2 protein chains.
Amino acid sequence: MQVAPGVRDALALPDLDAIHAAHARVTPHVHCTPVLSSSSIDAEAGASLFFKCENFQRIGAFKARGACNAVFSLSDDEARRGVVTHSSGNHGAALAYAARRRGIPAWVVMPDNAAKVKQANVARFGAAIRLCTPTVAAREAACAEVQRETGAAMIHPFDDPRVIAGQGTAALELLRQTEELDALIAPCGGGGLLSGTSIAARGTRTGIAVYGAEPANAGDAALSFASGRIEPLPPTTTIADGLRTTLAPRTLAALRMFVTAFGTCSEEAIVRAMRMTWERMKIVIEPSAAVPLACLLERTIDVAGARVGIIVSGGNVDLDRLPWQS
Amino acid sequence: MQVAPGVRDALALPDLDAIHAAHARVTPHVHCTPVLSSSSIDAEAGASLFFKCENFQRIGAFKARGACNAVFSLSDDEARRGVVTHSSGNHGAALAYAARRRGIPAWVVMPDNAAKVKQANVARFGAAIRLCTPTVAAREAACAEVQRETGAAMIHPFDDPRVIAGQGTAALELLRQTEELDALIAPCGGGGLLSGTSIAARGTRTGIAVYGAEPANAGDAALSFASGRIEPLPPTTTIADGLRTTLAPRTLAALRMFVTAFGTCSEEAIVRAMRMTWERMKIVIEPSAAVPLACLLERTIDVAGARVGIIVSGGNVDLDRLPWQS
């Protein structure tokens, strides 16, 4: 599945078959993560929630799925020249992990203000890090330079059908692990996870509702979903830093086709949902992963009484800097 | 299984059949918790570790098992008059939970310096709290007073064969969930969990090794195990506050019969093991639950290359006061 320039390919999306193929491809390299629930959180949310724990996934986030699918989709000739991406977060570590599994080189372009812990996460899988100034232009130039020098294949964090298909495998597993779900909720940044989740869910069960969850302070996807255009990020910041990304035309198209509605939430609700999950479920989740529950607590996604699957996107947090501590 | 005064009964222990019976009795009331593992922690420990996640248990700790077995072992006549215990920690919440499940009253005697969060954990299941000064004499007097007033049955946190049998059900499940374990490790405070674990393990598989794990700063059980007498707590303190308890003659007898050896660990290793578990496994565990891994990191328990089950005893921590933060 090659991605070339041009309008048609820039909107190409995986179908359910592609997600099934991705699942077979990534299964040797990622965990089938468990599904947990909590009666006391159900009482707060007014619904029966089934948490798909991608915080337990390789590299601590669902991103391992998309990166592995992309890397193991390459031909041997392509793979030999390696892979490159830009990322300040989990996708960089995921691509480094996938490349190591295949035994090929990886380059990760990171902003020079990226936290040391994030750089270490990439470096521990043997990827080469290229630092650049923290602008879109600089990171694209740096990726292009790596490609010119090495012939490495670009693996975009979300604007890539192979990556979207890989992310959809979490929902595929969740639907097998849990009976009779009425709805699924996934957080939305660039839209790769939500695209894959919605294609997998609606393909598997036509009547299921699929919701996107976003911080109000980074509510561009909800606006884009409504307007049909890619709306810019608001100037506000959010602790769910993994969600501070605009959609691509490809992911916007997927969401407009397969997503039921969006919910947004306050920063306070994110902190409350995150802490509630740690305290009652005894699992470590990152702020972005708390956004679906935060939307339920603020009742901006209406699933009262329903059986609802939630993709818990990741658990990579700095334990020295927790958001409920000043 | 009645516990009356007297030397014989004071040393009575459950056998494997009693633990199987306990498992049938508590199954409707407790979770069969999952077993997790981490290849990166295995590399640090030099062994294959299988973590039985009792931090995901009802009330956040294995104590729900022993309390439920004791409460559901009572005759209807006994149960009607309620249950009483003393506890500054998880056993109080566990007994309150078990009593609520059976629909009977519970009284929990707590030291008047017990943290508000611990009092709230007991109160949320509807138990009555009696505060007393923080001495052994005061808490025993308070329990006796409740028994005189109400006829409630005393359910000791660990010096009770019904409680020991209940705690042993975690090991029973772990041995079913994981193939071919060479060894089990459990933390040791009063010895209820370790007694139940060792009886279950050695009864099920004769050749298995069972280790007790203790902070060096509360290393009384290791000393007692060696000397055959109940040794006092050292004057030092430990962050694994759930383990600051001496053995009873009953638990000492069990450990001398069924435990292979003890390991102890430093406070630094406890903090390191706890943080490593949070960061790499993405689960919230309390300091006491990190003590077995801490002993492995300091190589005071020798299981190099073996397949080792660990009872992760609980996950109740104050998220505002983490031990790696000053």
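Q: What covers the buried residues of α12(A)?

A: Happy to start there, with the reminder that this is a predicted model. The cover over the buried residues of α12(A) includes β8, α13 (249-258) and β9 (261-265) of chain A. The buried residues themselves, in a helix that spans residues 220-227, are A:Asp220, A:Ala221, A:Ala222, A:Ser224 and A:Phe225. After α12(A) comes A:Gly228, with a positive phi near 80°.

Q: Which residues of α11(B) are buried, and what do they pack against?

A: Helix α11 of chain B covers residues 220-227, and its buried residues are B:Asp220, B:Ala221, B:Ala222, B:Ser224 and B:Phe225. They pack against β8 (209-215), α12 (249-258) and β9 (261-265) of chain B. Just past α11(B), B:Gly228 has a positive phi of about 80°.

Q: Why is B:Val303 called buried?

A: A residue counts as buried when 20 or more other C-beta atoms lie within 10 Å of its own. B:Val303 has 22 C-beta neighbours inside 10 Å, so it is buried. Its place is the loop between α14 (287-297) and β10 (307-312) of chain B. Leaving aside residues up to four places away in sequence, B:Val303 touches B:Ala47, B:Ala183 and B:Val308. B:Ala183 is 120 residues away along the chain, yet the two C-alpha atoms are separated by 7.7 Å.

Q: What makes us say that the buried residues of α7(A) line one face of the helix?

A: Helix α7 of chain A (residues 116-123) has A:Lys118, A:Asn121 and A:Val122 as its buried residues. Looking down the axis of α7(A), they fall within an arc of 95°, so they line one face. On the other side of α7(A), A:Lys116 and A:Ala120 are exposed. The cover over the buried residues includes α6, β4 and β5 of chain A.

Q: Why are β5 and β6 of chain A said to stand at the edges of their sheet?

A: The sheet is open and has four strands in the order β5-β4-β3-β6 (chain A), with parallel pairing. β5 (128-132) and β6 (153-154) of chain A each have a single partner strand, so one side of each lacks a neighbour in the sheet.

Q: How do you know that β3(A) and β6(A) are paired?

A: Strands pair if there are at least two bridges between them. Two bridges join β3 (residues 83-86) of chain A to β6(A), and the strands run parallel. One residue pair to look for is A:Val84 with its bridge partner A:Met154 in β6(A). Helix α6 (residues 90-102) of chain A lies across β3 and β4 (106-111), running at about 170° to β4(A).

Q: What makes both faces of β3(B) count as covered?

A: In strand β3 (residues 83-86) of chain B, B:Val83 and B:Thr85 on one side and B:Val84 and B:His86 on the other are all buried. Four bridges join β3(B) to β4 (residues 106-111) of chain B, and the two strands run parallel. Within this pairing, B:Val84 stands opposite B:Trp107 in β4(B).

Q: Why is β7(A) called largely enclosed?

A: Four of the five residues of β7 (residues 183-187) of chain A are buried, so the strand is largely enclosed by the rest of the structure. β7(A) pairs with β8 (residues 209-215) of chain A in the parallel sense, over five bridges. There, A:Ile185 stands opposite A:Tyr211 in β8(A).

Q: How do you know that the two copies are related as by a two-fold axis?

A: Chain B superposes on chain A by a rotation of 180° with 0.0 Å of shift along the axis, at an RMSD of 0.0 Å. The two copies are thus related as by a two-fold rotation axis. Among the residues of chain B, B:Ile283 comes closest to that axis, at 2.2 Å (C-alpha).

Notes: Residues numbered from 1 in each chain as written. Chains lettered and ligands numbered in written order. Predicted model: local features only at pLDDT ≥ 70, side-chain atom pairs only at ≥ 80, totals over all residues. Least-squares fit on C-alpha atoms with pLDDT ≥ 70 in both. Contact = placed C-beta atoms within 7 Å. Axes fitted to C-alpha atoms, helices over the stretch in contact; angles between N-to-C directions. Buried ≥ 20, exposed ≤ 12 C-beta atoms within 10 Å, placed from the backbone. Arc of directions from axis to C-beta.
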